[in-house]
Amino acid sequence: MNKIKTADSLTIGFALFAMFFGAGNLIFPPFLGWESGGSWLIGFLCFIFIDIGMSLFAMIAIAGSGEGAEGLTGKLGNKISTVVLALNCLCIGPFVAVPRTAAITYEVGVVPNLGAINSWLFTGIFFAVAFLLSAKQSKVVDLVGKFMAPVMFVALLVMIGKGIVTPLGEIGPSAQTGSVVRNGLLSGYQTMDMMAAYIFSVAILMTIRQKGYSQQKEHSALILRGGLIATVLLVVVYGGLAYIGATMSVSVKEQLSQAQLLILLTEQLLGKPGMLLLGVIVAFACLTTAVGLLTSIASFFAEKTGVKYEVLVAVFTLVSWVISNFGTSTIISMAAPVLDLIYPVLIVLVVFGFLGRWIRSETTYRFAAFGAFAASVLLQIGNIFDIDIFANLLPLSGLGFGWIIPAGIFTVLGVLKTKKI
């Protein structure tokens with residue numbers, strides 16, 4: 001086993017920070033702090049658990065499997081595994097996450113500084129740059145980790161430092177704990193970071209191998225070190241943004257969108273120069289995420305379909321460009337029901353990835369995943385048709401975890417079935 005270089009750990013760590021800290025990560029923490037008031041820390045911890053915690057667990061589990069993301073999803077069977085990963089890629093790729101990066105850059109970084117210029121023109125330029133950066137597949141992680149991420153992190157620290165030294169106001173009364181926990185968990189879902197971890201692992205593992213690390217233990221160790229570095233950076237940034245949002249919980253009474261609150265926050269903190277700084281932060285945050293996602297999903301589909309990587313990057317870029325012009329709020333609302341269906345299954349697979357030495361039966365994996373998915377479908381039917389019976393029947397559904405008990409029950413059924421066989 002080669003000695004892992006500190007420089008490589010830092011590069012991977014900053015690259016993961018930049019890839020994960022994208023569009024949703026910038027707008028959700030301040031909004032969560034604002035609506036939570038004095039309970040902002042509880043909401044923040046719930047957000048951290050679903051967002052950073054599960055993402056790090058996923059990366060470690062995937063690296064430890066030695067087979068990439070398929071090391072986790074493969075337990076469901078080859079066909080189901082491919083379908084799950086493909087749906088995951090499309091959701092965090094051209095249908096939701098990638099378009100959202102351009103939409104937020106336009107609404108938060110461009111309009112406040114340059115006015116309402118033609119969105120199709122701006123997003124076209126945005127994705128042209130993203131395409132050029134994504135075309136050189138082998139250089140993406142180094143480019144993001146060594147150059148783009150440090151610039152973004154320093155800019156964020158300037159804004160957060162100002163918000164801590166000169167708070168915007170008093171932190172309001174605590175919101176109800178149940179709603180704070182649910183909002184924190186749902187905000188963590190909306191970042192889609194754990195879903196991205198399944199796909200980012202493709203680009204990260206490829207870069208690790210190119211740096212000369214060939215053994216699985218080296219891959220796991222480097223991802224663990226890089227992941228811990230990224231986690232520390234993300235906790236600092238998220239915590240700072242959530243706290244600043246909480247300091248606006250008294251002074252701001254009108255209902256604002258996540259993007260509008262972020263703009264108001266920055267303007268009150270730093271004035272017009274701050275809006276320019278926010279534009280830089282948003283541009284770097286969203287562009288690095290877009291590049292990381294385009295690179296990873298194109299690599300996945302190139303391997304599965306045999307289509308050239310460059311062609312796939314071009315196709316996904318064009319689709320993302322079109323959808324980005326729907327606007328941030330529309331994209332977020334479109335994503336919510338899809339995330340509620342996919343996320344539980346992916347979380348189950350991550351947890352089982354750590355329990356693999358004790359649970360080896362593929363039948364148990366499939367039963368647990370089915371239980372989580374079936375419960376999520378019932379909850380979505382209840383939401384669509386405004387039927388409360390499903391939510392009332394499933395414990396923890398009020399906190400966004402109505403699928404846990406069914407997943408546990410089906411896990412036990414899977415174990416019993418395996419023993420009978």
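Colleague: Which side chains meet in a salt bridge, N to O?

Modeller: First, a caveat: this is a predicted model, where local features need pLDDT of at least 70, side-chain atom pairs count only at pLDDT 80 or more, and totals for chains, interfaces and linings use all residues. Residues are numbered from 1 along each chain as its sequence is written, and side-chain values use heavy atoms, with hydrogens and water left out. A salt bridge here is a side-chain nitrogen of Lys or Arg within 4 Å of a carboxyl oxygen of Asp or Glu, and the structure holds 1. At 3.2 Å, N to O, the pair is E362 and R366.

Colleague: Where do E362 and R366 both lie, and how many residues apart?

Modeller: Helices are DSSP runs (H or I, at least four residues), numbered from the N terminus. An α-helix has 3.6 residues a turn, so residues three or four places apart point the same way. E362 and R366 sit about one turn from each other in helix 15 (residues 362-384), and the spacing is 4 residues.

Colleague: Is E362 buried or exposed, or partly exposed?

Modeller: The classes are buried under 20% relative accessible area, exposed over 50%, and partly exposed in between (1.4 Å probe, protein chains only). R366, its partner in the bridge, has 37% relative accessibility and so counts as partly exposed. E362 has a relative accessible area of 36%, so its class is partly exposed.

Colleague: How many disulfides does a search of the whole structure find?

Modeller: A disulfide would be a pair of cysteine sulfur atoms within 2.5 Å. The search of the whole structure comes back with 0. For C89, the nearest cysteine sulfur is that of C91, 10 Å away, and C89 is in no disulfide. C91 is in no disulfide either, with the sulfur of C89 as its nearest at 10 Å, so the count stays at 0.

Colleague: What is the relative accessibility of C89?

Modeller: Both C89 and C91 are on the list of buried residues in helix 5, which also includes S81, V84 and L85. C91 is buried because its relative accessible area is 4%. C89 counts as buried too, because its value is 0%.

Colleague: How far apart are the end C-alpha atoms of helix 5?

Modeller: The expected span is 1.5 Å times one less than the number of residues. Helix 5 (residues 78-95) has 18 residues, so it should span 26 Å. The model agrees with that, the end C-alpha atoms being 24 Å apart.

Colleague: Which backbone oxygen lies 2.5 Å from a polar atom of the side chain of T101?

Modeller: T101 is found in helix 6 (residues 97-114). T101 counts as buried because its relative accessibility is 1%. The backbone oxygen at 2.5 Å from its side chain belongs to V98.

Colleague: What is the accessible area of the nonpolar patch with I409 in it?

Modeller: Patches take residues with over 30% relative accessible area and no salt bridge, joining like charges within 9 Å and nonpolar side chains (Val, Leu, Ile, Met, Phe, Trp, Tyr) within 5 Å. I409, in helix 17 (residues 404-420), is partly exposed because its relative accessible area is 46%. The members are L396, I404, I405, I409, V412, L413 and L416, and by the Shrake-Rupley method with a 1.4 Å probe, where only the protein chains shown count as cover, they total about 570 Å².

Colleague: What separates the C-alpha atoms of A407 and A369?

Modeller: A407 is also in helix 17, and it is buried because its relative accessible area is 5%. A369 is 38 residues away along the chain, and the C-alpha separation is 6.7 Å.

Technical notes
Helices (H or I, at least four residues) and strands (E, at least two) are DSSP runs, numbered from the N terminus. A polar contact is a pair of N or O atoms within 3.5 Å; within protein, one must be able to donate a hydrogen and the other to accept it, and residues adjacent in sequence count only if both atoms are side-chain atoms.
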